[in-house]
Amino acid sequence: MGDSRRKPLRVEPASETGAAGGLGAVVSSLRFGAGGMGPVRSLRTLSQINQEGGFDCPGCAWPDPESRSAAEFCENGVKHVSHEATRRRVDPAFFARHAVPALLEQADQWLEAQGRISQPVIKRAGSDHYQALSWEEAFARIARVLNGLDSPDQAIFYTSGRTSNEAAFLYQLFVRSFGTNNLPDCSNMCHESSSTGLSRVIGVGKGTVSLADFDRADLILLLGQNPGSNHPRMLTTLQAAVRRGCRVVSINPLKELGLVRFAHPKDPLAVLGRSTSIADRFLQVRVGGDLALLKGLMKEVLQLEARRPGKVLDWDFIREKTEGFADLQAQLEALSWEEIESQSGVCRAEIREVAELYARAESVIACWAMGLTQHRFGVANVQDVVNLLLLRGQIGRPGAGVCPVRGHSNVQGDRTMGIWERPTPAFLDRLGREFDFEPPTEHGLDTVGAIEAMRDGRARVFFSLGGNFAVATPDTATTQEALRRCELTVQVSTVLNRSHLVTGAEAIILPCLGRTERDDQEGGRQFVTVENSMSVVHRSTGHLPPASEHLKSEPAIVAGLARAVLGESSRIPWEGFAKDYDRIRDRIARVIPGFDDMNERVRRDGGFVLPSGARSRDFETETGRARFTVNPLPRIELEPGQLLMMTIRSHDQFNTTIYSQDDRYRGIHGDRRVVLLHSDEMEERGLTDGSAVDLTSHFEGQTRTVRGFRVVRYEIPCGCAATYFPEANVLVPVESFAEGSRTPAFKSVVISIAPSGGASAS
Ligand SMILES: Nc1nc2c(c(=O)[nH]1)N[C@H]1C(S)=C(S)[C@@H](COP(=O)(O)OP(=O)(O)OC[C@H]3O[C@@H](n4cnc5c(=O)[nH]c(N)nc54)[C@H](O)[C@@H]3O)O[C@H]1N2
Ligand SMILES: Nc1nc2c(c(=O)[nH]1)N[C@H]1C(S)=C(S)[C@@H](COP(=O)(O)OP(=O)(O)OC[C@H]3O[C@@H](n4cnc5c(=O)[nH]c(N)nc54)[C@H](O)[C@@H]3O)O[C@H]1N2
Ligand SMILES: [Mo]
């Protein structure tokens, strides 16, 4: 990661970056696909993405349309798939050549590009090298350490969001049979604020819309989301909506290109350069200014109602299906426009325009992602979105509702399967009855809690089913130090990453099959299932030959480990589960509501939809009503010179997997260690384009610093800054998280900036 390898930074004006999608995307995805996999293999693989009988794209959780095109994938899906289908291998010879300390010097992008891990390996205490070991030895070793702990709660079992329903169900069953609820997952860092907020106010922690609703909505709000890069297939849905007259409003500190100009890559006209503008209104909110903005919108809506009584609010719905309206009304009336405008950074006239659009629309969908959830007030953000919709009864009817757009392709399914540190008593009861044991009832550790427990020596073993914990988490220095304190760290992975190098005294890597690969077990060829962002459960079947003969599937790894740890006395038929996943699904059907006849229903084309009361206004809250909530409007207090910084994804990464140093849609090339600033903020500090700066974050008297970032002039509100995830994670304090959901506040980091080499300002 030394500066000698650093490429020159090049920034293009946004007007020259072309349209999102279009020819640029086709060229970029084919270049990537052919590069890693070879042209024939890549065509064969790509033709199976998101098709009936094919595999679910690991890229994101956006649903597949009923009438699928032959190419139901996007530029970024191609990158994720070819990353997995690469021909390069990380084998024991690789580890013999490269000692762990030497690998630690390499950049993340280099590590991930080394290819698929081909055999189980172990780094013994005191050794600098990983060496091969058999699966039996690996399971036995892990079992010995786990069974030697003073308490099962000294072990942590993390999950990333690509794990299938079958693997996730077995995993939580194993972990609870072992005796702990320490099941943190990437969801803790992602949509936990959505799950928490939605459960409180509408009785279910998931979205309420289906893809068909997008064909009927006449207004779609996009809050804190960049679908052009992170959910490209969603642009196709939005484009179709726009073409039939639906309005789209983007609420974001950045004017993301995908929403401004979008050319469908498979649309010939688009290749010739004609593009659709998707968002026809853009509210450039300050980072963290959404609560003020949403309250401003609601205040205007109440005014419109006062002018046209009975024409704007849905009084029948409010009376019959909700509670708490009067308190919300009182809060909104008491708020001053001065406060709303200064906190949101958006003027009243612009807020009124969008409020009028909202008041006139028949059916409204609100979509959001990390721009709302990863804040100190992430849960409140989500609850205020619901408040806005409830005013006009925009939940639980066609063309309307909430749509938290999920990240990892099965992050929603993993939670449905019981990957949760705070399981409900009802769930534990059903699980215990089905498998004849007593699951632990005490709540376990979430992601932040896991870091703290390892840091403080309360946890001694860290096991990870996928993901890249050492890099994806906040407070990189603290987290990595915490991991190093463990006795044993274990990673179930496809490709090499930094979490294999930042280890406990002993470390084991268990290499697994990926989505694209054939899964042959004693009971024949297997498929797995996943649940998308809209609660559709469907099959995913890989077809490529496995990257190595030594790989095991995730369900087989969990089953093998469970037997080794729990011993012959465990009456759960682990071996049978690994042989035939239908047997796992039969149990899921008996334990988890909504999965009856899972094996039969999931074999139907398109799978099946999980039931949800909120979709039919049957709100499963304590009172059976949807709840208006009064969320206080926090003051964002910055000292002179300080900025509020968000950490965001570039176009060319999947979370911690970095494909290149470019961010094509934002016109930034060659460097990711950059900070985006408004011209006025640069001028005030005497900074010019490309100036080298140090960034220091401030939290409860603590400071954290990264050095040598370069300044990029950008259209971002004054008082704000943006950097890339994960390069800036060092600056995010582990104790800074959302109230109520404990989601790290990755998008509200208070920083100051100083020229590199100089003294830190403020
Ligand atoms: N290609 C690709 N696809 C992905 C991923 C990937 O890394 N690469 N990651 C997957 C995962 S796990 C997830 S969770 C999703 C993430 O998808 P997104 O949530 O779209 O990802 P982020 O880059 O974190 O960006 C959030 C957006 O929120 C805006 N934002 C930041 N702060 C605020 C704020 O205070 N208010 C408002 N209104 N907006 C704000 C940013 O400008 C940015 O446009 O994508 C998934 N899909
Ligand atoms: N600053 C900042 N930090 C953030 C965020 C942010 O916006 N800003 N976003 C947060 C969010 S939304 C999320 S979801 C987390 C993501 O956190 P994680 O899910 O932990 O991280 P990923 O980078 O998605 O994990 C990538 C690794 O998963 C492994 N992998 C890939 N496919 C498979 C598979 O099929 N099976 C197995 N077993 N392993 C596989 C590969 O080895 C790869 O290196 O990061 C969070 N961190
Ligand atoms: Mo995520």
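A polar contact is a pair of N or O atoms within 3.5 Å. The legends below use this term for a predicted model.

View 1. A polar side-chain atom of asparagine 655 lies 3.0 Å from an oxygen atom of ligand 2. The backbone of asparagine 655 is involved with the other ligand: one of its N or O atoms is 2.6 Å from an oxygen atom of ligand 1. Both distances can be checked against the cut-off of 3.5 Å for a polar contact.

**View 2. The surroundings of ligand 1.** Ligand 1 is surrounded by 32 residues, and the closest are Asn252, Glu256, Asp290, Gln653 and Asn655. Histidine 375 places a polar side-chain atom 2.8 Å from an oxygen atom of ligand 1.

**View 3. The surroundings of ligand 2.** Around ligand 2 there are 29 residues, of which Ser160, Ala472, Glu554, Thr656 and Asn729 are the closest. Two side chains can be picked out here. Tyrosine 158 has a polar side-chain atom 2.7 Å from an oxygen atom of ligand 2. For histidine 408, the distance from a polar side-chain atom to an oxygen atom of ligand 2 is 2.9 Å.

**View 4. The packing of helices α8 and α29.** Two packed helices are described by the angle between their axes and the distance between the axes. Helix α8 covers residues 165-178 and helix α29 covers residues 581-591; they pack at an angle of about 70 degrees, with their axes 10 Å apart. This angle makes α8 roughly perpendicular to α29, because angles of 65 to 115 degrees count as roughly perpendicular. The crossing of α8 and α29 is left-handed. On the α8 side, the contact is made by Asn165, Glu166, Phe169 and Leu170, and on the α29 side by Tyr581, Ile584, Arg585, Arg587, Ile588 and Val591. Sorted by class, the residues in the contact of α8 with α29 are six nonpolar, one polar and three charged.

**View 5. The packing of helices α8 and α23.** Helix α8 also packs with α23, at an angle of about 85 degrees and with the axes 12 Å apart. The two helices are therefore roughly perpendicular to each other. From α8, the residues in this contact are Phe169, Gln172, Leu173 and Arg176; from α23, they are Phe427, Leu428, Leu431 and Phe435. The contact of α8 with α23 divides into six nonpolar residues, one polar and one charged.

**View 6. The crossing of helices α7 and α27.** Helix α7 (residues 135-147) and helix α27 (residues 554-566) cross at roughly 50 degrees, and their axes come within 8 Å. α7 and α27 are therefore oblique to each other. Their crossing is right-handed. Trp135, Phe139, Ile142, Ala143, Leu146 and Asn147 of α7 make the contact with Ile557, Gly560, Leu561, Ala564 and Val565 of α27. In the contact of α7 with α27, nine residues are nonpolar, two are polar and none is charged.

**View 7. Two backbone details in loops.** Most residues other than glycine have a negative phi, and most peptide bonds are trans. Aspartate 436 has a positive phi, near 55 degrees, and is not a glycine. Aspartate 436 sits in the loop between α23 (425-435) and α24 (447-455). The other detail is a cis peptide bond, which joins phenylalanine 725 and proline 726 and has an omega of about 5 degrees. Proline 726 belongs to the loop between β31 (720-724) and β32 (749-755).

Notes: Residues numbered from 1 in each chain as written. Chains lettered and ligands numbered in written order. Predicted model: local features only at pLDDT ≥ 70, side-chain atom pairs only at ≥ 80, totals over all residues. Heavy atoms only, no water. Axes fitted to C-alpha atoms, helices over the stretch in contact; angles between N-to-C directions. Helix = DSSP H or I, 4+ residues; strand = E, 2+ residues; numbered from the N terminus. Parallel < 35°, antiparallel > 145°, perpendicular 65-115°, else oblique. Left-handed = near helix turned anticlockwise from the far one by under 90°. Contact = heavy atoms within 4.5 Å. Nonpolar A, V, L, I, M, F, W, Y, C, P; charged D, E, K, R; others polar. Near = heavy atom within 4 Å. Polar contact = N/O pair within 3.5 Å; in protein donor to acceptor, adjacent residues only side chain to side chain.
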